[in-house]
Amino acid sequence: MDQDKVTEFLGRVVSDMGATGSAGQVVIGGRLGLYRELARGPATPEELAERTGCVTRYVTEWLKGQAAGGYVSWDAASGTFFLTEEQAFCLADPDGPNVPAFFRVGLGYLRAEPRVAEAFRTGEGMPWHEHDEDVFVGVDAFFRPGYVAELVPHWIPALDGVERRLQAGARIADVGCGLGTTSVLMAEAYPRSTVTGSDYHDTSIALARRKAADAGVGDRVTFEVTGAQGFTGTGYDLVTMFDCLHDMGDPVGAARRVHDALTPDGTWLLVEPFAGDTLEENLTPVGRVYYAASTLLCVPNGLSQPGGYALGAQAGESAIRDVVTAAGFTRFRRAAETPFNLVYEVRP
């Protein structure tokens with residue numbers, strides 16, 4: 001045994017354990033507004049505690065831990081902690097990457113670890129709606145900045161003729177819409193179009209209706225509680241699915257329903273996690289994040305539903321192509337991509 005290699009491996013373990021504990025610290029910082037207040041100006045622990053209505057002893061330990069992890073900066077000369085512009089953008093800006101929401105998802109699905117561990121032995125699944133609320137709310141909050149930055153500015157324009165159609169007035173079905181962020185974004189961008197969002201999770205749909213009303217688009221966005229294989233309506237010009245096909249037990253059935261719901265010249269905008277077709281392509285930091293979420297969220301959800309599929313978050317383009325081809329679609333291409341997503345244009 002090579003002792004240097006043991007030491008190197010244990011260094012990785014220490015780093016990962018620090019990251020695991022840091023996840024809780026980051027979520028606390030987001031929940032209590034600690035990052036938001038620190039972004040307004042440097043502070044000692046006492047000052048930050050006063051500004052946020054928290055107890056100094058807890059804030060002191062939190063700040064020290066955050067500084068050790070590089071999430072908060074420290075000025076020894078003044079005894080104050082502060083956020084750099086980049087840290088503030090990632091941790092406190094509502095239009096930034098929303099790192100606290102990212103970790104909120106992780107803490108949420110980790111609460112299911114005992115049940116998922118048992119499922120390894122039984123083969124049973126765990127449906128999405130039985131996870132902690134932090135999963136639903138965190139997923140929406142984390143993915144929202146990416147959708148804001150990409151959906152209307154880049155993804156829809158990358159589809160052949162779709163943007164022009166939506167500007168003129170079209171019918172959109174947003175399937176697996178969750179809390180409705182994407183439905184609202186499309187309604188806001190294309191006021192002549194209507195959007196019907198659907199999701200099997202009734203709690204998410206209740207929150208989506210509230211979000212649409214708050215955004216002032218409730219007259220053009222409607223929601224229904226139903227699975228992807230049974231959403232209502234036909235004659236849609238555009239059907240969208242964002243990061244959800246791989247979670248379904250019957251993705252082929254869902255794809256067939258999309259095929260039937262589209263107009264003959266309609267388009268399916270299908271957004272999936274970034275993944276290659278081979279394991280070697282996915283042995284990356286992003287792949288690691290997705291495999292973890294897939295083990296605790298996506299595969300258990302797929303196995304909880306009829307259909308026989310559990311694609312998981314790293315299915316890859318070939319597996320997605322097989323699904324849509326089996327459903328009767330004849331045209332499939334990668335229209336765009338980001339470090340986290342692959343965007344497909346699918347047509348009958």
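Mentor: The largest cavity has a volume of about 50 Å³, where a volume is the space filled by probe spheres set on grid points that are joined across faces, edges and corners. A cavity is a set of points, on a 1 Å grid over the protein atoms alone, where a 1.4 Å probe fits but cannot get out, and its lining residues have an atom within 4 Å of a point. Please keep in mind that this is a predicted model, in which local features need pLDDT of at least 70, side-chain atom pairs count only at pLDDT 80 or more, and totals for chains, interfaces and linings use all residues. Residues are numbered from 1 along each chain as its sequence is written, and side-chain values use heavy atoms, with hydrogens and water left out.

Trainee: Which residues that line the largest cavity are the closest to its centre?

Mentor: In general, rolling a probe the size of a water molecule over the atoms shows where empty space is left. Here 13 residues line the largest cavity, and E272, P273, A315, G316 and I320 are the closest to its centre. Strand 7, helix 14 (317-326) and strand 9 each supply at least two residues of this lining, helices (H or I, at least four residues) and strands (E, at least two) being DSSP runs numbered from the N terminus.

Trainee: How many residues of strand 7 are buried?

Mentor: Buried means under 20% relative accessible area, exposed over 50% and partly exposed in between, with a 1.4 Å probe and protein chains only. Ten of the twelve residues of strand 7 (residues 262-273) are buried, so this strand is largely enclosed by the rest of the structure.

Trainee: In which sense do strand 6 and strand 7 pair, and in which sense do strand 7 and strand 9 pair?

Mentor: Two strands pair if DSSP finds at least two bridges between them. Strand 6 (residues 236-242) pairs with strand 7 in the parallel sense over six bridges, and F242 has V271 of strand 7 as its bridge partner. Strand 9 (residues 341-347) pairs with strand 7 in the antiparallel sense, again over six bridges, and V343 in strand 9 stands opposite V271.

Trainee: What unit do strand 6, helix 12 and strand 7 make?

Mentor: With helix 12 (residues 251-261) they make a right-handed β-α-β unit, right-handed meaning that, with the strands pointing away from the viewer, the path from the first strand over the helix to the second runs clockwise.

Note on methods. 1 Å grid on protein atoms, 1.4 Å probe; cavity = no way out; pocket = protein on both sides within 12 Å on 5 of 7 lines; lining within 4 Å.
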